[in-house]
Amino acid sequence: MKALSRRKFTKTLSRGVGATTLMANVPLACAMSGSNQKKKLGIALVGLGSYSTYQLAPALMDTEHCYLAGIVTGTPAKAKTWASRYNIPKGNIFNYGNFDAIKENREIDVVYVVLPNSMHAEFSIRAAKAGKHVICEKPMAMDVKECNEIIKACKDAGVKLGMGYRLHSEPYTQEVKRFVKEKTFGEVLYVSADAAYRSTSNPNQWRLDRKLSGGGALVNMGVYAIQSAIYGTGQNPISVQAQEYSTRPEYFKDTDETITAQFEFPSGAVANMMTSHNVIANRLYATCENGWFELDPASTYIPLAGRTSRGELDFKQESQQKLQMDDFAKHILYDAPNLAPGEMGKRDMMIVEAIYKSIQEGGKKQLLDFEPGYGFGS
């Protein structure tokens, strides 16, 4: 298939979404072709906010190895709308109170937790105890302790655990990882990673309530910048020091607005990151011994763009959520690599906690100690 250019992508997508929506969910749990025939995996979305509504559900209309089998919502009106739109049987619709009954549903194989951060651990653990594989949206949990509890619950239940880190499945990010692994431009010397947007519309949203979010810009957008610094160098950091500032304290009353941090890596490479809920920034830049590479934008949905000291990058643009969920389904069905395991989410939360501690201690350097390769996908 000929790759779409960024210029053609938006128009093509608008046609494609309309067509796939008309297909609804005509039974998608059919056998797949090939000698190793297994059904598509049924996914239940837990939480029907904007990410599920506008990204995950449409992506599941186009996935090859999984499909939208069920929903979990506390809003009856949403349940009715989604049931009609996606032809979801009544027996595949749950609320937060009767969620544990999902254990008896044989059509649902995977539970995707898309709730406020304070609910990630509870529903990931309940899903695991129900015998369902788990995708947990980022950040993994409110703290490292909860991350450990999620990982243990999934291991005890013998189910797979993946993070909702969509970028590991898309080609621009994969190309960056290849540059680093193959030393295309020599050793990486310096990385700059920015992930930020400006929040103005709703000071009462759950992301600005620490009891629900666990933090502000750092746990929301900062995870992307942390990830960029790590796969931009191919290593886990050995230290971090950080700073915080706010220019709109009347709006960001309970959570961090803007954070900067500096990382050191075993190779001697260094990285600067910035994350914010008050500015717009979305870039990964790395300078190396023999050139440089850049993604800008680096973490938006679509389209992404990239370039290097040798020329432009131009890959097929398609739903990152589609690619991510198909990759996790293939991990379950065919033992394909788990590109974003739970240990990756835990590692990132360990770094988040170190950044907050550095800020509390006036920017003091925090040492980080990870086993080689810890948190990298299989």
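## Basis and confidence

The model is predicted: local features need pLDDT of at least 70, side-chain atom pairs count only at pLDDT 80 or more, and totals for chains, interfaces and linings use all residues. Residues are numbered from 1 along each chain as its sequence is written, and side-chain values use heavy atoms, with hydrogens and water left out.

The pLDDT is the predictor's confidence in each residue, from 0 to 100. The protein chain averages 92, and 90% of the residues score at least 70. Confidence is lowest in helix α1 (residues 6–23), with a mean of 39. Strand β4 (residues 110–113) has the highest, at 99. Over residues 1–37 the pLDDT is below 50, although this stretch has 45 contacts in the model beyond near neighbours in sequence. A contact means heavy atoms within 4.5 Å. Where pLDDT is low, the predicted coordinates should not be read in detail.

## Two open sheets

Helices (H or I, at least four residues) and strands (E, at least two) are DSSP runs, numbered from the N terminus. Two strands pair if DSSP finds at least two bridges between them.

Strand β2 (residues 66–72) meets β3 in the parallel sense over 2 bridges. There, I71 stands opposite I93 in β3.

The other open sheet has 9 strands in the order β14-β13-β12-β11-β7-β10-β9-β8-β15, and its pairing is mixed. The edges are β14 (311–313) and β15 (366–367), and each pairs on one side only. Strands β12 (residues 291–295) and β13 (residues 306–308) run antiparallel, joined by 3 bridges. F293 stands opposite T308 in β13.

## Helices on the sheets

Axes are lines fitted to C-alpha atoms, for helices over the stretch in contact, and angles run from 0 to 180 degrees between N-to-C directions.

| Helix | Strands | Angle |
|---|---|---|
| α6 (residues 171–182) | β7, β11, β12, β13, β14 | about 160 degrees with β12 |
| α10 (residues 342–360) | β8, β9, β10, β15 | about 60 degrees with β8 |

Buried means under 20% relative accessible area, exposed over 50%, and partly exposed in between (1.4 Å probe, protein chains only). In α10, 14 of the 19 residues are buried, so this helix is largely enclosed by the rest of the structure. The expected span of a helix is 1.5 Å times one less than its number of residues. For α10 that gives 27 Å, and its end C-alpha atoms are 27 Å apart, which agrees. Just after α10, G362 takes a positive phi of about 70 degrees.

I151 lies in helix α5 (residues 144–157). I151 is buried, at a relative accessible area of 10%. Leaving aside neighbours within four places in sequence, I151 contacts M140, L161, G342, E343 and K346. E343 sits 192 residues away along the chain, yet the C-alpha atoms of I151 and E343 are separated by 7.6 Å.

T63 is in the loop between α2 (50–60) and β2. T63 is also buried, with a relative accessible area of 5%. A polar atom of the T63 side chain lies 2.6 Å from the backbone oxygen of C66. Not counting residues up to four places away in sequence, T63 touches K40, K322 and D326.

Technical notes
Polar contact = N/O pair within 3.5 Å; in protein donor to acceptor, adjacent residues only side chain to side chain.
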